[in-house]
Amino acid sequence: MDALTIRRAQASDAADVGELDAPEKTTQRIMYGRSHANMLIEASYLALTAETSTGEIVGFMSVNDQPPGDLCEEVAYLEYLCDSFALENHPTNNVLCRLKVHTTLFLTYFVYKSTASASEILPEMLSTIFHLLTSMELVVFPAHNSLGQAELAPLLPHFHLATKVNPNTKGYDEELFAEFDVLVCPGDAFLPSLAIRKANIEDHDDLEPILKAQNQALVDTFGDYFLAELIGSQTAHNMCLVAQPPTVPSRAVGIMAISDEVDLGILRDCFDLSMYNNLVKPPSSAVAGGPGGSRLEKILKRRKSPKMIMFGPPASGKTTQVDKLLAQYGLVHLTINVLLRVASRMSHPTGKKVKRHLDKHEEVPDEIVLTLLADRIHESDCITQGWVLDGYPTTEAQAQGMLQRGIKPDVVVLLEVSDEEVAQRLVKVSAGMETKPRLKKYHDHAPGILKCLSRDQALITIDGTKDKEVVTYSLIQALSASDKTKLTRQHKGSSITDGAIAPPTIVICGPPAGGKGTQCELLVKQYGVVHLSTGDILRAAIKTGSDLGIKAQTYMNAGELVPDEVIIRVVLERINEPDCQRQGWLLDGFPRTEVQAQTMVVQGIVPQLVIVLDVPDGEVIKRISGRRVDVDTGKTYHLIYNPPPPELKDKVTQRADDTEETIKVRLSHYHTNCGAIVKTFTPTSIVLAIDGMQAKDKITQEIAKALAKPVVSDQTAATTSPADGKPSGTVPIAARNGPPKLIICGPPAGGKGTQCELLVQQYGVVHLSTG
């Protein structure tokens with residue numbers, strides 16, 4: 001017979017099933033009662049058809065949780081079987097298999113084509129049943145005792161006569177039930193079972209021929225006693241398991257060696273493990289769930305306005321990070337204290353209840369708080385902008401109450417901070433109040449809250465002990481795993497609207513003497529961007545007497561380095577000035593560290609282009625170590641590229657920081673920081689690595705290609721009509737500072753409502769109407 005395909009029966013198979021002629025129709029009615037193929041296909045627990053490679057149906061079988069024929073109305077029959085019968089000699093002579101209600105099915109129909117072989121069709125169909133329904137152990141067929149050996153012959157190779165083990169059956173309809181013999185097909189015949197246990201040294205003789213036959217290379221590499229050593233040296237970290245058949249319990253037929261002491265480096269060298277993240281665990285800030293943070297990505301792609309809960313111990317920095325999220329995503333900040341204060345001023349009954357509790361300094365019941373919270377998140381600003389809830393829930397009951405009322409966040413952010421760190425922070429802000437009760441309450445309730453909230457929500461875990469800017473950066477990077485969140489990020493200084501291209505914003509990196517200064521001059525000339533260097537910015541801030549300038553001057557006067565925090569604030573303040581916003585900017589020598597780059601990203605100041613000039617270390621050393629300075633005039637020469645005149649040969653000197661040893665140290669710092677800076681900007685900016693050994697004009701051309709096209713300032717685009725080029729007197733919404741504020745006017749039925757809906761959808765503004 002052709003190879004058979006066993007599949008689930010379909011309603012369209014009914015006509016072909018009706019044509020199957022074995023056993024003949026009279027025998028079918030005696031065996032299975034009166035039934036119709038359509039009914040069996042629709043109503044059975046499982047119905048299968050067997051078809052050949054040509055698509056011809058040659059067999060049909062159905063199984064159900066109730067017996068066939070006249071017995072189907074007898075609800076007690078299955079209980080009678082389980083109480084009275086067992087299958088002997090299964091799987092060995094020493095085992096008696098009792099029937100069980102929940103692991104037994106009945107054969108309700110089996111027919112096949114007389115020209116086909118039942119001995120081929122029946123085992124294939126039974127095997128499919130036990131493989132599909134792995135919890136089922138037995139298939140039972142009640143055979144009417146009027147059926148002879150010839151009628152039952154197709155079943156007997158696989159169905160065995162059950163033995164009556166309980167003669168006391170007075171509680172059942174013995175007269176009817178006694179008309180049927182019980183045939184049982186055990187699943188073990190199709191799903192051979194194996195027992196798994198820890199290996200012992202006695203298994204060696206069974207396993208050695210298996211190992212040699214399948215992997216001679218192991219024996220050749222590790223020696224004849226490799227297997228014995230493997231079994232004999234088991235520890236908590238290295239273990240061997242063996243499989244043994246139930247028929248011969250003492251014989252091992254397979255072995256598995258498992259260990260958690262693995263040299264991952266060797267595996268990575270030998271195999272391409274990129275699809276498994278190179279066997280590296282994701283960072284603690286990664287999203288909980290399936291591969292690549294996928295659940296978070298799906299959630300945030302599905303949601304236009306993210307809904308978040310900020311969770312963590314007291315003094316973990318939740319409010320600080322919420323403020324950052326508000327600036328980054330434009331979310332609505334929800335706190336229970338504010339909700340209660342607002343409600344207490346209202347004249348409705350709930351507001352009066354809240355006011356009474358607050359006046360008595362009592363805790364407001366959860367029922368009231370949850371009602372207020374549910375009402376608040378359904379207001380238009382929360383719906384259009386999304387929300388972040390800070391400081392709530394504080395108990396598992398509150399978390400369950402939120403979910404029951406449909407208050408379901410997309411993301412739960414957990415800030416992890418050690419108890420020691422929390423205690424130190426609380427001492428600074430608690431004014432002598434006892435801190436241990438607050439920590440104990442958090443630890444008592446946190447596991448239950450997280451278990452409740454993380455069932456259907458994405459959980460992001462962030463190390464809250466790091467610098468607050470680094471924490472924010474880690475959080476935003478985790479949230480930015482989705483294209484949707486990238487679209488909602490509000491970068492300062494990079495408003496790009498249809499018809500208006502933002503001015504270029506550039507960061508240039510390169511080793512000392514790598515040609516940055518030359519390219520900066522050319523870029524300023526070509527694009528009109530504002531050239532910014534940290535030295536110039538600091539000197540300007542000091543000169544103008546700004547607060548930050550005075551702070552920087554204090555450090556400089558004391559002979560100390562200006563801290564990162566001050567430099568970052570000075571630079572960010574300068575970038576937000578009108579000329580930089582209008583013309584664009586070019587940062588030279590900043591950021592110098594990963595923290596500075598991360599802070600820029602957190603603040604929404606992301607360059608359009610990051611230029612990395614690649615110059616070999618040997619060339620850098622040659623360029624710098626050859627520099628000489630005329631001590632009288634201060635003019636700089638180079639021994640190779642611009643040698644001093646002969647009369648100055650003995651007067652020029654080398655600066656102390658131009659020696660080869662000093663240059664190598666500077667290069668080491670540069671390489672360490674440059675890679676981290678580029679990695680920080682890679683998700684948000686174009687990174688252009690250029691061979692710095694090329695001619696300067698060639699480098700400039702490559703930069704121009706990366707910037708793609710001439711830059712039009714926001715101001716020019718805002719005041720020019722695309723139709724005729726004349727000033728229009730209007731400024732696009734996205735080009736203005738701050739969120740848009742609109743009034744829409746028009747006659748009745750003029751379409752104001754329709755446009756309001758579109759504006760809310762486009763800009764996320766809050767829709768206000770007097771009605």
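Helix axes are lines fitted to C-alpha atoms over the stretch in contact, and the angles between them run from 0 to 180 degrees between N-to-C directions. The structure is a predicted model. Its secondary structure comes to 33 helices and 26 strands, and 41% of the 771 residues in the chain count as buried. Of the contacts between residues at least 6 apart in sequence, 72% join residues at least 24 apart.

Two packed helices are described by the angle between their axes and the distance between the axes.

- Helix α14 spans residues 336-344 and helix α15 spans residues 349-359; the angle between them is about 115°, and their axes lie 7 Å apart.
- Because angles of 65 to 115 degrees count as roughly perpendicular, α14 and α15 are therefore described as roughly perpendicular to each other.
- The crossing in which α14 passes α15 is left-handed.
- On the α14 side, the residues in contact are Leu340, Ala343 and Ser344; they meet Gly351, Val354, Lys355 and Leu358 of α15.
- By class, the residues of this contact comprise four nonpolar, two polar and one charged.

**Packing of α16 and α18**

- Helix α16 (residues 366-377) packs with helix α18 (residues 396-404) at an angle of about 40°, and their axes are 10 Å apart.
- The helices α16 and α18 are therefore oblique to each other.
- The crossing of α16 and α18 is right-handed.
- Asp366, Leu370 and Leu373 are the residues that α16 brings to the contact, while α18 brings Gln398, Gly401 and Met402.
- The residues in the contact of α16 with α18 divide into three nonpolar, two polar and one charged.

**Nonpolar cores**

- The largest nonpolar core has 47 residues, of which Phe60, Phe110, Ile121, Phe141 and Phe159 touch the most other members.
- Helix α5 (residues 118-132) gives the most to this core, contributing seven residues.
- A second, separate core contains 34 residues, including Val507, Cys509, Ile568 and Cys674.
- When residues up to four places away in sequence are not counted, Phe159 touches Leu107, Leu126, Val139, Phe141, Leu183, Val184 and Cys185.

- The C-alpha atoms of Trp387 and Ile309 are separated by 8.4 Å, although the two residues are 78 residues apart along the chain.
- With neighbours within four places in sequence left aside, the contacts of Trp387 include Pro306, Lys307, Met308 and Ile309.
- Leu331, Val332, Leu334, Ile377 and Cys382 are also among the contacts of Trp387, as are Ile407, Lys408 and Pro409.
- Ile663 belongs to helix α30 (residues 660-681) and is buried, with a relative accessible area of 0%.
- Between the C-alpha atoms of Ile663 and Asp617 the separation is 9.2 Å, and these residues are 46 residues apart along the chain.

**Backbone features in loops**

Most residues other than glycine have a negative phi, and most peptide bonds are trans.

- Tyr392 and Pro393 are joined by a cis peptide bond, with omega near 5°.
- Pro393 is located in the loop between β16 (387-390) and α18.
- The peptide bond from Phe590 to Pro591 is cis, with omega of about 0°.
- Pro591 is located in the loop between β21 (585-588) and α28 (594-602).
- Ala315 is not a glycine, yet has a positive phi of about 65°.
- The loop between β14 (307-311) and α13 (318-329) holds Ala315, which counts as partly exposed at 27% relative accessibility.
- His361 likewise is not a glycine and has a positive phi, of about 55°.
- The loop between α15 and α16 holds His361, and this residue is exposed, with a relative accessible area of 74%.

Methods:
Residues numbered from 1 in each chain as written. Predicted model: local features only at pLDDT ≥ 70, side-chain atom pairs only at ≥ 80, totals over all residues. Heavy atoms only, no water. Helix = DSSP H or I, 4+ residues; strand = E, 2+ residues; numbered from the N terminus. Parallel < 35°, antiparallel > 145°, perpendicular 65-115°, else oblique. Left-handed = near helix turned anticlockwise from the far one by under 90°. Contact = heavy atoms within 4.5 Å. Nonpolar A, V, L, I, M, F, W, Y, C, P; charged D, E, K, R; others polar. Core = buried A, V, L, I, M, F, W, Y, C linked by side-chain atoms within 4.5 Å. Buried < 20%, exposed > 50% of the residue type's maximum accessible area, 1.4 Å probe, protein only.
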